[in-house]
Amino acid sequence: MINRVIAPMLIKDGVLVQSKKYKWHLPIGDIEESAIQLEYFNIDEFTLISLDGMKNSCVDVELLRRLRKATSYPITYAGGVTSLEQLRIAFDVGAERVIVNRMLSQRVNEVEEFAKLVGRQGIVGSFDITVDKEGDFFVRTIDSIVPLDINHISEVSSIVGEINLGII
């Protein structure tokens, strides 16, 4: 097995931030300078996570352009991708891969259509899983909380190149 080193960059208001459970955000650096510094650690790619993109339900084009200008390393983009058009924008601006979350419950057919255009490896499916006090599992998006459906995750795994399960 080949190990890969992925540098996640959580961005809010155009600044690299540290976060605790996405509740508070401590500014820790400039995106361009941080990218240059992270390259010294022999990373394989960046994952750009835009909190503003998530909040505004759109690709943070300016942020993605800034990182693309600062590095030639591959970029995976996450944040606000809610439609086929948003997927196209993220790729057009410089992402090699895009992480989708809300689209997996609302527009999985568009994810499948886009995966046919760019290849499965270009799409990462992300599920944020939470557990209630009774031990029941749920999938949480910015819009909803629904019971975990393992059949749906299995279906999605045949469409995307990678599945990310996060316990939140």
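**Close-up 1. A nonpolar surface patch formed by Trp24, Leu26 and Ile28.** In this predicted model, the side chains of Trp24, Leu26 and Ile28 form a nonpolar patch on the surface, and together they have about 300 Å² of accessible area. Trp24 belongs to strand S3, which covers residues 24-29. With a relative accessible area of 41%, Trp24 is partly exposed, a value that lies over the 30% required of a patch member.

**Close-up 2. Positive phi at Asp13, in the loop between strands S1 and S2.** The phi angle of Asp13 is near 55°, which is a positive value in a residue other than glycine. Asp13 is placed in the loop that runs between strand S1 (6-12) and strand S2 (15-20). The relative accessibility of Asp13 is 56%, so this residue counts as exposed.

**Close-up 3. Positive phi at Asn42, in the loop between helix H1 and strand S4.** Asn42 has a phi angle near 55°, again a positive value in a residue other than glycine. The loop that holds Asn42 lies between helix H1 (31-39) and strand S4 (45-50). Asn42 is exposed, its relative accessible area being 62%.

**Close-up 4. The buried and exposed residues of helix H3.** In helix H3, which covers residues 61-70, the buried residues are Leu63, Leu64 and Leu67. Because these residues cover an arc of only 95° around the axis, they are on the same side of H3. Glu62 and Lys69, by contrast, are exposed on the other side of H3. The elements against which the buried residues of H3 pack are S1, H1, S4, strand S5 (75-78) and helix H4 (84-93).

**Close-up 5. The salt bridge between Arg66 and Asp30.** Side chains of opposite charge can pair when their charged atoms come close. The count for the model comes to seven salt bridges, and one of them is formed by Arg66 and Asp30, whose closest N and O atoms are 3.8 Å apart, a distance that falls within the 4 Å cut-off. This pair links distant parts of the chain, since Arg66 is in helix H3 and Asp30 is in the loop between S3 and H1, with the two residues 36 residues apart. Asp30 counts as partly exposed, at 38% relative accessibility.

**Close-up 6. The salt bridge between Arg97 and Glu45.** The closest N and O atoms of Arg97 and Glu45 are 3.5 Å apart, and the two residues form a salt bridge. Distant parts of the chain are linked by this pair, with Arg97 in strand S6 (residues 97-100) and Glu45 in strand S4, 52 residues apart. Arg97 is buried, with a relative accessible area of 14%, and Glu45 also counts as buried, at 4% relative accessibility.

**Close-up 7. The salt bridge between Glu162 and Arg97, and the network around it.** Glu162 forms a salt bridge with Arg97, and the closest N and O atoms of this pair are 2.9 Å apart. Because Glu162 lies in strand S10 (residues 162-167) and Arg97 in strand S6, the pair ties together parts that are 65 residues apart in sequence. Glu162 is partly exposed, with a relative accessible area of 31%, whereas Arg97 is buried. Through salt bridges that share partners, Arg4, Glu45, Arg97 and Glu162 are joined into one network.

Terms used. Residues numbered from 1 in each chain as written. Predicted model: local features only at pLDDT ≥ 70, side-chain atom pairs only at ≥ 80, totals over all residues. Heavy atoms only, no water. Patch = residues over 30% accessible without salt bridge, like charges linked within 9 Å, V, L, I, M, F, W, Y side chains within 5 Å. Areas by Shrake-Rupley, 256 points an atom, 1.4 Å probe, with all protein chains shown as cover. Helix = DSSP H or I, 4+ residues; strand = E, 2+ residues; numbered from the N terminus. Buried < 20%, exposed > 50% of the residue type's maximum accessible area, 1.4 Å probe, protein only. Arc of directions from axis to C-beta. Contact = heavy atoms within 4.5 Å.
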